[in-house]
There are 2 protein chains.
Amino acid sequence: MLPDEVMQTAQRELCEYAGLRASVMEISHRGEDFLYIRRETESLLRALMEIPSHYWVLFLSGGATGQAAAVPMNLTAAADARAAYVITGHWSRRAAAEAQKYCVVHVAADTAASRHTVLPHSLDIPADVAYAHIASNETIHGVEFPAAPAVSVPLVADMSSNILSRQMRVADYALIYASAQKNLGPSGITVVIVRPDAVCPRAQTPAVWDYRRQQEEESMYNTPPTFQLYMMGLYLKWVKRRGGVEAMERQNREKAALIYDCLDKSDFYKTPVKGDCRSIINIPFTLPTDTLTASFLQGAEKQGLLGLKGHRALGGCRASMYNAMPVAGAQALANYLSEFERVANRK
Amino acid sequence: MLPDEVMQTAQRELCEYAGLRASVMEISHRGEDFLYIRRETESLLRALMEIPSHYWVLFLSGGATGQAAAVPMNLTAAADARAAYVITGHWSRRAAAEAQKYCVVHVAADTAASRHTVLPHSLDIPADVAYAHIASNETIHGVEFPAAPAVSVPLVADMSSNILSRQMRVADYALIYASAQKNLGPSGITVVIVRPDAVCPRAQTPAVWDYRRQQEEESMYNTPPTFQLYMMGLYLKWVKRRGGVEAMERQNREKAALIYDCLDKSDFYKTPVKGDCRSIINIPFTLPTDTLTASFLQGAEKQGLLGLKGHRALGGCRASMYNAMPVAGAQALANYLSEFERVANRK
């Protein structure tokens with residue numbers, strides 16, 4: 001979901017950008033006009049996230065799944081290097097499986113026994129690992145780290161689903177990566193925020209994912225996804241106008257509270273995650289039967305409440321409330337949840 | 001450059017696609033509506049290029065520079081495998097340098113001595129190489145293969161700049177790759193057309209570039225660049241409406257003839273490439289002095305003739321005439337070339 005204002009600006013400017021007699025998709029990525037977009041987008045992201053100035057900000061391709069490979073390639077120079085992975089759900093498990101191709105993966109914790117409904121009490125992180133990796137929010141399981149876990153090695157986080165949704169201390173991380181399609185813009189572009197001293201790429205790193213080379217070339221060693229970068233710029237301006245990350249967090253907490261309150265006071269709905277590791281972005285929940293679930297989803301769609309079907313890996317339902325969803329959207333969903341329960345219980 | 005009709009359709013549909021109350025950027029890539037776009041785009045490309053049905057058609061990220069790494073990863077199972085590279089300009093040289101990270105590169109020919117103004121007379125391709133790689137068109141040097149060179153090993157071609165610009169026999173190639181930003185749509189998506197028997201990926205291939213895995217998942221192992229895929233579909237429909245690749249080729253030859261005729265009959269302009277290896281897409285040319293070049297470019301821009309500046313690697317000027325440029329555009333450029341020469345000679 002993208003904010004209406006962002007979509008309307010994109011639509012207005014689509015055929016001709018800034019009086020250039022060409023679309024932003026058509027202008028050269030080497031020209032001054034595109035370079036301005038690229039630099040402005042980086043400045044906005046740096047300001048909104050308060051990124052320390054010595055960190056690199058890269059715009060790459062390949063999504064978070066691409067970075068799952070690129071991270072060990074760039075942070076471990078040798079194939080026998082070790083890295084610690086904290087498994088808290090589907091995405092962190094997938095990142096660990098990908099990393100295994102490039103380094104020795106040490107599992108620091110795995111919450112599979114709880115079906116990924118809790119965060120680990122403690123992490124087993126050997127001192128010799130190159131880094132420790134977490135997924136800061138698991139979109140399918142609805143588990144989110146309330147803050148960066150305290151570790152004594154460089155911390156790497158996949159923040160694809162909760163970047164810009166709450167205040168984060170970037171200095172707690174050696175590397176943050178995020179694909180765009182949740183809280184940054186449309187799919188097809190990936191942000192990497194990295195502390196330069198953590199980078200020691202191996203010779204076999206593909207040039208398009210070589211952090212050092214891409215930093216030297218302002219992420220334009222190859223043609224970047226220009227339209228996505230432009231859209232991200234529009235999106236970041238929208239976040240800024242709306243009060244920045246602090247305002248996003250306030251609103252996201254309000255939205256999440258509306259839904260969790262509704263689910264918690266109900267015997268009809270179940271939501272598996274409890275306590276302060278509950279995601280404020282993705283809220284999985286189930287209904288008593290598959291028939292009720294189908295009927296719930298059908299009714300929701302009729303009311304314009306879209307995308308409530310759970311991920312195919314887990315089933316059930318899931319409310320995803322990225323920045324672009326207004327509080328009114330969460331309120332509408334809460335009302336529908338209550339109404340559907342009331343009608344179902346009467347039958 | 002993208003066709004006006006394509007841009008207008010994209011603009012009209014940007015905020016709401018097909019009555020779905022969401023943009024094509026917002027709908028789930030796992031939903032039926034996006035799957036329809038994805039399948040239709042593949043069908044259009046298969047029909048337009050007459051791709052043999054057993055070939056895989058993949059839509060990946062990372063551009064042609066990404067594929068420069070992905071090709072050896074997918075076509076050579078062992079790190080000591082050999083591959084032959086035909087160096088005819090900037091892009092094939094860069095592809096060979098990237099491949100060297102993953103296999104032993106054998107240079108089958110290098111036209112550097114001619115400053116890449118000719119094609120090699122013969123290729124030295126050992127029988128034990130896994131494949132031979134060419135760039136079918138060199139955008140900077142303006143050299144294009146008139147047809148697939150005859151080789152007895154699997155042939156791989158980077159067709160980023162001339163895919164769909166002329167008829168190609170896909171069966172002559174084991175693998176064709178092309179980034180989108182020339183003749184397929186906006187930047188940020190890459191097409192790979194590959195004969196399955198050529199594929200033998202090594203264990204360290206990143207999942208997002210693993211041809212076999214992506215084929216199994218319809219190129220959706222990770223979130224694809226959905227907007228680019230949609231735009232490519234619009235673009236391919238436009239090519240089809242305009243008469244397909246045959247019509248594109250006829251028009252491109254006409255456009256190229258207009259410019260080459262103008263350059264050839266002049267003593268003022270120089271164009272370095274002669275004979276049947278002249279690109280019908282990218283025509284590099286120079287003026288007598290840097291001052292005249294600057295004045296030529298400035299005057300061109302005033303007339304709406306954009307993007308004539310040569311690539312930073314070579315300087316000078318370059319006319320790029322992708323499918324979206326109408327014959328009238330080439331005629332306008334030819335007129336401007338003649339007029340500028342006439343005025344300059346009078347001074």
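How many nonpolar, polar and charged residues are in the lining of the largest cavity? By class, that lining has five nonpolar, five polar and no charged residues. Please keep in mind that this is a predicted model.

**Where the two chains meet**

- Chain A brings 51 residues to the contact, and chain B brings 51 residues as well.
- Together, chain A and chain B bury about 4,000 Å², with 54% of that area on carbon and sulfur atoms.
- Between chain A and chain B there are 22 residue pairs in polar contact, counting pairs with both residues at pLDDT 80 or more.
- Salt bridges between chain A and chain B number zero.

**The chain A side of the contact**

- Two or more residues each come from α1 (4-13), α3 (63-75), α4 (90-99), α6 (226-241) and α8 (290-302) of chain A.
- With five residues, α1(A) gives the largest share of the side of chain A that touches chain B.
- Sorted by class, this side of chain A has 23 nonpolar, 17 polar and 11 charged residues.

**Cavities**

- You will find three cavities of 30 Å³ or more in the structure.
- The largest cavity holds about 50 Å³ of space.
- Its lining comprises B:Phe59, B:Leu60, B:Ser61, B:Val208, B:Gln214, B:Ser219, B:Asn222, B:Thr223, B:Pro224 and B:Pro225.

Conventions:
Residues are numbered from 1 along each chain as its sequence is written. Chains are lettered from A and ligands numbered from 1 in the order in which they are written. This is a predicted model: local features need pLDDT of at least 70, side-chain atom pairs count only at pLDDT 80 or more; totals for chains, interfaces and linings use all residues. Side-chain values use heavy atoms; hydrogens and water are left out. Contact means heavy atoms within 4.5 Å. Buried area is the accessible area (1.4 Å probe) that two parts lose on being put together, summed over both. A salt bridge is a side-chain nitrogen of Lys or Arg within 4 Å of a carboxyl oxygen of Asp or Glu. A polar contact is a pair of N or O atoms within 3.5 Å; within protein, one must be able to donate a hydrogen and the other to accept it, and residues adjacent in sequence count only if both atoms are side-chain atoms. Helices (H or I, at least four residues) and strands (E, at least two) are DSSP runs, numbered from the N terminus. Ala, Val, Leu, Ile, Met, Phe, Trp, Tyr, Cys and Pro count as nonpolar, Asp, Glu, Lys and Arg as charged, and the others, Gly among them, as polar. On a 1 Å grid over the protein atoms alone, a cavity is a set of points where a 1.4 Å probe fits but cannot get out, and a pocket is an open set with protein on both sides within 12 Å along at least five of seven lines; lining residues have an atom within 4 Å of a point. Grid points are joined across faces, edges and corners, and a volume is the space filled by probe spheres set on the points.
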